[in-house]
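Hi,

Here is the structure I said I'd pass on. Have a look at it first, and then read my notes on helix packing and pockets below.

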Amino acid sequence: MTHRFFRAVLIFILCAGLLAFSAGTGYSKSPGKKASPRKTTVAKLQKVPQKLILRSAAVLVEDQQTGECLIQKQASAVVPIASITKLMTAMVVLDAGQDLEEMISIDVADVDRLRHSRSHLPVGTRLVRKDALLIALMASENRSAHALGRNYPGGFGACVAAMNAKARAMGLGETRFTDTSGLSSGNVSSARDLARLVDAAYAYRLIRQFTTCRHATITSGRHVLVFRNTNRLIQNPRWEIGLSKTGYTDEAGRCLVMQVHMAKRPLLVVLLDSQGKLTRVGDATRIRKWLEASLSVPSPRRG
C-alpha cells in the first residue's frame, strides 16, 4: 500500500515538471499561433499616417470617379452655405440658354440690404452676362449674382425656383435656396449634398474655367475693374484645381468646395463652417498631406 502511494506521488511530480518545462520553453503550439498576427498588426500600424485633425465643422472628401468616401466629418449636417450657392445659380443660368453676350445692368435692387456687403460694381454698371457670371463665380460678386437672377427668364423668383427644382432633380434632399447670391441664411445644404452639386457643376466647361480663373479685368464705360479669385490656393501652381468656390457669412462661417487632383486621384472636397480666415486653406493643406501619405495607388475607374 505504501509503495503504491509513493509511486503515484512520483508520477504526479514528473508530470507536473514536464508541463512546467513545456510552458517555459514555448514547446506548446498555441502561444506560437498567437505571436504571428501580433507582429503583423504592429507592422501595419507603423504605416498608418498621423491622425488627421480638421477645424472645419463639416467635411467630406470623396473620390470623384468611384464615389469612395475618404474623409467625412458631420457630412449630413444641414448648414448655411453662403456663396457656394452661386454654383447652382450659374448652372440654372447656363441651362436657360440665355445669350452670354447680352448686356445687363447693375440695378438698385442688386444692392445688398441684408448684410451691406461691399461691391466693386457701382449701380449703373453695364456688363455682358458672361462677365457677370465670371465675377460671380471667381470673385464671389454678390451684385452680379443677384443681377443674373433678376435677368433670368421670369425674373428673380423664377431663378430661385429653378435652383430648387434642379436640386430636387439631382436628389439633393438636404439643399434649399432662397436667393441667388448666398447672402441669405436660408440657403442651406450638407457636405454630402454639396459633393453631388460640385460634381454636377464640374460638367459645365464655363464653370470650370471661371471658378479657376486667377484674376480678370472688366471694362465698364470709363471704369476698369480688376477682380481676383477668392480661393488663394488657385494662385499656387502645386494645386491641380478643376473647380473652386468659396463662401462666407457669419452664420455659414468660411466655406470652400473644390474638384482637385490629390494623391493621384480626382477628388471632391467640401469644407464648411471653418472659423478663421486661414482655417479652410489649412484644412485643405492638411487633407492633401494626409492623403498623399495614405494613398499610394490610384483608385480604379467607376464602371
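The axes are lines fitted to C-alpha atoms (for helices, over the stretch in contact), and the angles run from 0 to 180 degrees between N-to-C directions. Helices (H or I, at least four residues) and strands (E, at least two) are DSSP runs, numbered from the N terminus.

Please keep in mind that this is a predicted model, where local features need pLDDT of at least 70 and side-chain atom pairs count only at pLDDT 80 or more, while totals for chains, interfaces and linings use all residues. Residues are numbered from 1 along each chain as its sequence is written, and side-chain values use heavy atoms, with hydrogens and water left out.

**Helix packing**

Let's start with H3 and helix H6 (residues 156-169), which pack at an angle of about 100° with their axes 9 Å apart. H3 and H6 are therefore roughly perpendicular to each other. On the H3 side, Thr85, Met88, Thr89, Met91, Val92 and Asp95 meet Cys159, Ala162, Met163, Lys166 and Ala167 of H6; contact here means heavy atoms within 4.5 Å. By class, that contact has seven nonpolar, two polar and two charged residues. (Ala, Val, Leu, Ile, Met, Phe, Trp, Tyr, Cys and Pro count as nonpolar, Asp, Glu, Lys and Arg as charged, and the others, Gly among them, as polar.)

Helix H3 (residues 85-95) also packs with helix H7 (residues 191-201): their axes come within 10 Å and cross at roughly 40°. That makes H3 and H7 oblique to each other. Leu87, Met88 and Met91 of H3 meet Leu197, Val198, Ala200 and Ala201 of H7, and the residues of this contact are seven nonpolar, no polar and no charged.

Then there is helix H4 (residues 129-138) with helix H5 (residues 142-150), whose axes come within 8 Å and cross at roughly 135°. H4 and H5 are therefore oblique as well. Arg129, Ala132, Leu133, Ile135 and Ala136 in H4 touch Ser144, Ala145 and Leu148 in H5, giving six nonpolar, one polar and one charged residue.

**Pockets**

A pocket is an open set of points on a 1 Å grid over the protein atoms alone, where a 1.4 Å probe fits, with protein on both sides within 12 Å along at least five of seven lines; lining residues have an atom within 4 Å of a point. Grid points are joined across faces, edges and corners, and a volume is the space filled by probe spheres set on the points.

The largest pocket comes out at about 910 Å³. Of its 27 lining residues, Arg118, Ala139, Ser140, Asn142 and Thr230 are the closest to its centre. Strands E8 (223-228) and E9 (240-249) are the elements that give two or more residues to this lining, and E9 has the largest share, with four. The lining's classes are six nonpolar, twelve polar and nine charged.

The second largest pocket has a volume of about 160 Å³.

Cheers

Technical notes
Angles under 35 degrees count as roughly parallel, over 145 as roughly antiparallel, 65 to 115 as roughly perpendicular and the rest as oblique.
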